[in-house]
Amino acid sequence: HGTSRINDAGHLEIGGCDVTELKAEYGTPLYIVDEQLVRRRCREYMDAFAASGLGFQVAYASKAFSVMAMCRLADEEGLSLDVVSDGELYTALQAGFPAERIHFHGNNKTPDEIEMALDARIGCFVVDNLVELELLQAIAAEKNQTVNVLLRVTPGVEAHAHHAYAATGQTDSKFGFDIGNGSAQEAVRLASSKANLKLLGVHSHIGSQIFETEGFQLAVERVAGFARKVKEELGIEFSVVNLGGGFGIRYVEGDTPLQVSEYVAAITDAVKTHFAGIGSKLPEIWVEPGRSIVGDAGTTLYTIGTSKEIPGVRKYVAVDGGMTDNPRPALYESKYEAVLANRAGEQPEETVSIAGKCCESGDMLIWDVELPKAESGDLLAVACTGAYNYSMASNYNRIRRPAVVFVQNGQSDLVVKRESHGDIIANDIVPARIAKQPV
Ligand code: LLP
């Protein structure tokens with residue numbers, strides 16, 4: 001997919017860059033991001049919403065992959081940005097992302113984070129609970145500012161790729177105000193009574209890696225029902241409805257996501273149907289895709305090292321990374337596909353399992369993948385690692401986090417340096433009383 005292909009040398013090429021050359025220049029493990037594919041996904045969202053005729057914002061959920069260069073791409077493509085911490089906010093601001101298009105999420109924003117965001121004059125806070133509502137009002141009042149607010153609500157819909165959406169259960173969530181038990185309506189009343197808060201509307205997020213449209217449509221229906229009640233009983237009208245992220249991508253054969261345009265059309269059609277006649281006009285629709293913007297644009301390149309064959313049982317092939325750069329298989333049993341990137345044209349010869357290098361049996365990247373007979377020094381490319389890989393990477397075993405490169409039109413640009421040994425101990429302090437004494 002994207003700009004990937006096998007070149008005449010039999011090497012995987014992404015964005016016109018031969019991965020064997022990328023390895024020579026940057027080393028492995030290496031995260032490779034297909035810039036054109038990221039841009040294409042951004043445009044698919046922007047174009048599909050533009051075609052709907054509704055007012056909209058597409059906020060890239062930066063938790064999926066937050067680095068300054070990615071913030072630049074999102075800005076260039078006209079997207080807004082969803083941040084959930086001072087770190088993501090700082091990254092965006094340092095990248096020059098326009099503050100008025102930044103939305104701040106999270107169920108426990110600290111006073112410091114709220115101050116930082118207010119000082120930057122971000123576009124909107126997604127308020128999660130009553131404690132935050134009071135805190136935000138108090139800090140905004142101190143600063144003599146009025147801030148835009150959405151209230152996060154739980155519409156009682158929870159959807160995931162591997163099981164159908166469920167219309168119950170979501171009430172028991174750490175996020176947001178329940179629309180089923182009156183707490184969301186009370187929050188709306190309270191928020192609109194606050195002098196320094198400007199209530200724009202509500203936010204709902206129903207899950208991640210979702211393939212069907214039904215969950216989103218049901219969420220729209222529920223939120224519209226709530227909006228109608230709020231209008232009738234409180235006389236308050238929502239000008240914005242944010243429907244969160246969660247749009248699925250294809251990791252492996254058998255995954256059946258829809259096209260971006262299909263998700264967007266399902267949502268905007270549902271909005272036109274269910275919000276008709278509630279207020280003076282239809283609300284602006286915001287979404288927050290993360291995975292579906294960057295997921296399939298990312299590839300992780302590893303060098304194969306050792307292997308171990310257990311006759312009649314399994315062959316383990318180990319790479320120079322693992323759960324430190326991609327914790328998803330260990331955390332969620334996520335599945336990935338891989339190719340032998342320096343011999344990409346060759347037919348598969350054996351079934352092997354790809355192990356990481358961490359001291360932990362669970363550090364497996366792929367169970368049972370068919371590959372040509374791999375040798376030490378061969379390159380393995382694992383596909384669809386653009387989302388929730390770099391952003392969830394760790395230094396377990398004091399392994400250095402890999403570099404990230406953007407590739408396009410035969411050009412590669414380093415966007416995150418590989419960590420150095422110095423970085424690993426940069427924050428360590430040895431108290432003088434136990435310091436090694438010079439002899
Ligand atoms: N908006 C909100 C409020 C969210 O909580 C999330 C994801 C998104 C947007 C973006 O969702 P996306 O479009 O990326 O599905 N670490 C997990 C995924 C956690 C998602 C958390 N929230 C993984 O690796 O699968």
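Trainee: Hi! What kind of model is this, and how are residues numbered?
Mentor: This is a predicted model: local features need pLDDT of at least 70, side-chain atom pairs count only at pLDDT 80 or more, and totals for chains, interfaces and linings use all residues. Residues are numbered from 1 along each chain as its sequence is written.

Trainee: How is the chain divided?
Mentor: Into domain 1 (5–34 + 296–419) and domain 2 (35–294). Those bounds come from an automatic or database domain assignment. Taken over C-alpha atoms, the centres of the two domains are 33 Å apart.

Trainee: And how many residues of each are in contact?
Mentor: On the domain 1 side there are 22, in contact with 17 of domain 2. Two residues are in contact if their C-beta atoms, placed from the backbone, lie within 7 Å.

Trainee: Which strands supply the domain 1 side?
Mentor: β4 (30–34), β20 (403–408) and β21 (411–416) each give at least two residues to the side that touches domain 2. The largest share, 4 residues, comes from β20. Helices (H or I, at least four residues) and strands (E, at least two) are DSSP runs, numbered from the N terminus.

Trainee: What classes of residue are on that side?
Mentor: It divides into 12 nonpolar, 6 polar and 4 charged residues. Ala, Val, Leu, Ile, Met, Phe, Trp, Tyr, Cys and Pro count as nonpolar, Asp, Glu, Lys and Arg as charged, and the others, Gly among them, as polar.

Trainee: Switching to the ligand, which residues are closest?
Mentor: Ser-208, Gly-245, Gly-290, Arg-291 and Tyr-388 are the closest of the 20 residues that surround the ligand. A residue is near a molecule if its C-beta atom, placed from the backbone, lies within 6 Å of it. The shell has 7 nonpolar, 9 polar and 4 charged residues, and each of domain 1 and domain 2 gives at least three residues to it.

Trainee: Which helices supply the shell?
Mentor: α10 (291–294) and α11 (328–332) each supply at least two residues.

Trainee: Now helix α1, which residues are buried?
Mentor: Val-19, Leu-22 and Tyr-26 are buried in α1 (residues 19–26). Buried means 20 or more other C-beta atoms within 10 Å of the residue's own, exposed means 12 or fewer, and partly exposed is in between, with C-beta atoms placed from the backbone.

Trainee: Why are those three on the same side of α1?
Mentor: Because they cover an arc of only 50° around the axis, the arc being that of the directions from the helix axis to the C-beta atoms. On the other side of α1, Glu-21 and Ala-24 are exposed.

Trainee: What follows α1?
Mentor: Gly-27, with a positive phi near 80°. Then the peptide bond from Thr-28 to Pro-29 is cis, with omega near -10°, and Pro-29 sits in the loop between α1 and β4.

Trainee: Is Cys-384 buried or exposed?
Mentor: Cys-384 counts as buried because it has 24 C-beta neighbours inside 10 Å. Cys-384 has a positive phi of about 65° although it is not a glycine, and its place is in the loop between β19 (379–383) and β20.

Trainee: And which residues is Ala-381 in contact with?
Mentor: Leaving aside neighbours within four places in sequence, Ala-381 is in contact with Leu-12, Val-19, Thr-299, Leu-301, Ala-338, Val-339 and Ala-341.
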